[in-house]
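I opened my notebook to look up a few spots in this structure. Here is what I wrote down as I went.

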Amino acid sequence: MIEVTMKVNGREITRTVPGRRLLVEFLREDLRLTGTHVGCDTSQCGACTVHLNGRSVKSCTVLAAACDGAEVTTIEGITPTEGLHPMQQAFADTHGLQCGYCTPGMIMTALSLVRPGGGMPDREELRELLHGNLCRCTGYQNILAAIEKGAEMMHRGECDA
C-alpha cells in the first residue's frame, strides 16, 4: 500500500492505494468520480481520458501511485456549479454525442486541443489528434463540429476554463 496525495478537481486528497491501482480505478471506485469511463481495458478507446498536470492522459494507463503530488482534472472538474462548460454545451448543441459513453473522454481530449489565444487545429489535424478516442455511435462529423463550436465559445470567453 502506498500513500498518495494529489489535487483532484481542485481539491487536495490523500489516500492509501495498492501499488497496482490504476488511476481510472482510483477515480471511479475510491473517489466515486464516475464520469471517467472504462471502455476497453486496452487504452484504445479514450473513454477514460482525464487531465494530469494539464495534459490529456488515458487514466487506464497511469498508476494512481505515480500521481503523488499531481493535479488531476476529470469531466466533473470542468463542469461549473450551474449549467455546462462551453465544450459540454457545444457537444449537446451539435449532437456530438449519442449514447454519451465516449463523450467525457472526447471532451477532455478536445479541451487539450484548444489553443490559448484562439488558435485551433483545422479539421484534418483534429481528425488526426482524435485518433485515440473512439465513438461507436455518432460518426465523427458532429464531434468535430462540437469541438470547433466549443473552442469558439471558449475563445469568446463563455467560460472560465
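**Entry one: I2**

I began with I2, which sits in strand β1, residues 2–8. I kept in mind that this is a predicted model.

Next I looked up what touches I2. Leaving aside neighbours within four places in sequence, I2 is in contact with R15, T16, V17, G19 and A65. I also checked I2 against H131, 129 residues apart from it along the chain, and their C-alpha atoms are separated by 34 Å.

I then looked up R32, which has a positive phi of about 60° although it isn't a glycine. R32 lies in the loop between α1 (23–30) and β3 (49–52). With a relative accessible area of 61%, R32 is exposed.

H95 gave me another entry of this kind: its phi is positive, about 60°, and it isn't a glycine. I found H95 in the loop between α3 and α4. Its relative accessibility is 57%, so H95 counts as exposed, the cut-off being over 50%.

The crossing of α3 and α4 is right-handed.

Which residues make the contact? From α3 I listed M87, Q88 and F91, and from α4 I listed T103, M106, I107, A110 and L111. Sorted by class, the contact of α3 with α4 has 6 nonpolar, 2 polar and no charged residues.

My last stop was helix α6, residues 141–155. It has 15 residues and reaches 21 Å from its first C-alpha to its last, close to the 21 Å expected at 1.5 Å a residue.

Which residues of α6 are buried? I wrote down I143, L144, A146, I147, G150, A151, M153 and M154. A reminder to myself: an α-helix has 3.6 residues a turn, so residues three or four places apart point the same way.

The buried residues of α6 pack against α3 (86–93), α4 (103–113) and α5 (123–129). After α6 comes G157, and its phi is positive, near 85°.

Methods. Residues numbered from 1 in each chain as written. Predicted model: local features only at pLDDT ≥ 70, side-chain atom pairs only at ≥ 80, totals over all residues. Heavy atoms only, no water. Helix = DSSP H or I, 4+ residues; strand = E, 2+ residues; numbered from the N terminus. Expected span 1.5 Å × (residues − 1). Buried < 20%, exposed > 50% of the residue type's maximum accessible area, 1.4 Å probe, protein only. Contact = heavy atoms within 4.5 Å. Left-handed = near helix turned anticlockwise from the far one by under 90°. Nonpolar A, V, L, I, M, F, W, Y, C, P; charged D, E, K, R; others polar.
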